[in-house]
Amino acid sequence: MTFCVPYIPDDAIEHDAEALLAQFAHARGVEVKAPVPIEDIVEKHLKIRVEFDDLHRLLGIPRGGLGLEPDVFVAIWLETGEIVIDESLDPEERPAMEGRYHFTLGHEGGGHWRLHRPLVQANGDQDSLFGDTRQPTVVCRSSQAKERVELQADLYSSCLLMPRKLVLHAWRDRFGNDNPRLLRRKDRIVVPCDVDDQFAAAVRSFDQGRDDEALEHFARPFAEQFLVSPAAMRIRLERLGLLHREVPRQRSLLVRS
C-alpha cells in the first residue's frame, strides 16, 4: 500500500532532518554524535510505538520467491503513531541486520512521519483517506522501493542517520582533508561497438555491481561508525560528493574478427 506524494526538493528533506536532530539535541540536552541515537529519536522524542511481528501474516501478504523471502519489511500507521517492523529485521535475533534496522527506523519515523504525516492530517476531516483505518497508512515493500514516497523516506533516513556535518567530520578524521576519492578499477570491461544494446546494458549493469561492491568495501569503516549498512553509507558518500566513480569508457571501436 502506498500513496502519491508531491515533489519535495532534496535540500528541503535534508534541512528537515537536520532540524529534527537539533530539536532532539535541545530537548534532551545532548550533543548528537555518531552513531545517531535513532531509537531514542523515534520512540522517546517522536513518541512513536515500535514493535516487531511477522508482517506477511499480520497483513495477509504472501512472501516472495519460494514463499520464504520477505517482500514487506515495515508498516506505519501515521494516524496513530505505530510502526511494525518485520521480524526478519530484528537486530536482537539477527545482529547482521542492525544497520538495516536503523535505516528502517529513520525511513519510517523520520521520512514518513515528518514528511508524509501532514498529508494524512490535511485530510483528517474525511472518514479515512486510505479506506479502512485499521490498515497501515504505508506498507514498505521491496517491490515498491522506487516509488516517490519511498525514495523521499530513504533520503530522509540517510540525512538523519548520516548528517552531513558528522560525515564530513569523520572523513577529515580519517584522511585529514575534504578531498574526494575516485574509484579506479583496472579490470573494467570494455564493450566492443558491434554488440547489441541489450548485451551492452547487461555488461554495464554487471560492472556497476562490481563498482558498488568496491565502494561499499571502502565505505565499511564509516558504516560501522554510524551503525548503518555499507550500501547506505556508500550512497551517502556518493551524494555528498566524497566518493566518485570512474567514467566508463565508450564502446571499443575494435570489432570481433
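User: Given that two strands pair if DSSP finds at least two bridges between them, how many bridges join β2 to strand β4?

Analyst: This is a predicted model, in which local features need pLDDT of at least 70 and side-chain atom pairs count only at pLDDT 80 or more, while totals for chains, interfaces and linings use all residues. Residues are numbered from 1 along each chain as its sequence is written, and side-chain values use heavy atoms, with hydrogens and water left out. Strands are DSSP runs of E with at least two residues, and helices are runs of H or I with at least four, both numbered from the N terminus. Val72 has Arg141 as its bridge partner in β4, and β2 (residues 72–77) runs antiparallel to β4 (residues 138–141), the number of bridges being four.

User: Which residue in the turn between β2 and β3 has a positive phi?

Analyst: β2 also pairs with β3 (residues 82–86), in the antiparallel sense and over four bridges, with Ile76 standing opposite Ile83. The two strands form a hairpin with four residues between them, and the residue with a positive phi, about 70°, is Gly81.

User: Is Arg236 buried or exposed?

Analyst: Arg236 lies in helix α8 (residues 230–239). Not counting residues up to four places away in sequence, Arg236 touches Glu14, Ser158, Cys159, Met162, Pro163 and Arg164, where contact means heavy atoms within 4.5 Å. Its relative accessible area is 2%, and buried means under 20%, exposed over 50% and partly exposed in between, with a 1.4 Å probe and protein chains only, so Arg236 is buried.

User: At roughly what angle do the axes of α1 and α2 cross?

Analyst: Leu20, Leu21, Gln23, Phe24, Ala27 and Arg28 in α1 meet Asp40, Ile41, Lys44 and His45 in α2. Axes are lines fitted to C-alpha atoms, for helices over the stretch in contact, with angles from 0 to 180 degrees between N-to-C directions. Because 65 to 115 degrees counts as roughly perpendicular, α1 is roughly perpendicular to α2. The axes come within 11 Å, and the crossing angle is roughly 75°.

User: How many residues are in the largest nonpolar core?

Analyst: A nonpolar core is a set of buried Ala, Val, Leu, Ile, Met, Phe, Trp, Tyr and Cys residues joined through side-chain atoms within 4.5 Å. Leu237, one of the members that touch the most others, contacts Val167, Trp171, Ala219, Phe222, Leu242 and Leu243, not counting residues up to four places away in sequence. The number of residues in the largest core is 52.

Note on methods:
Parallel < 35°, antiparallel > 145°, perpendicular 65-115°, else oblique. Pairing = 2+ DSSP bridges.
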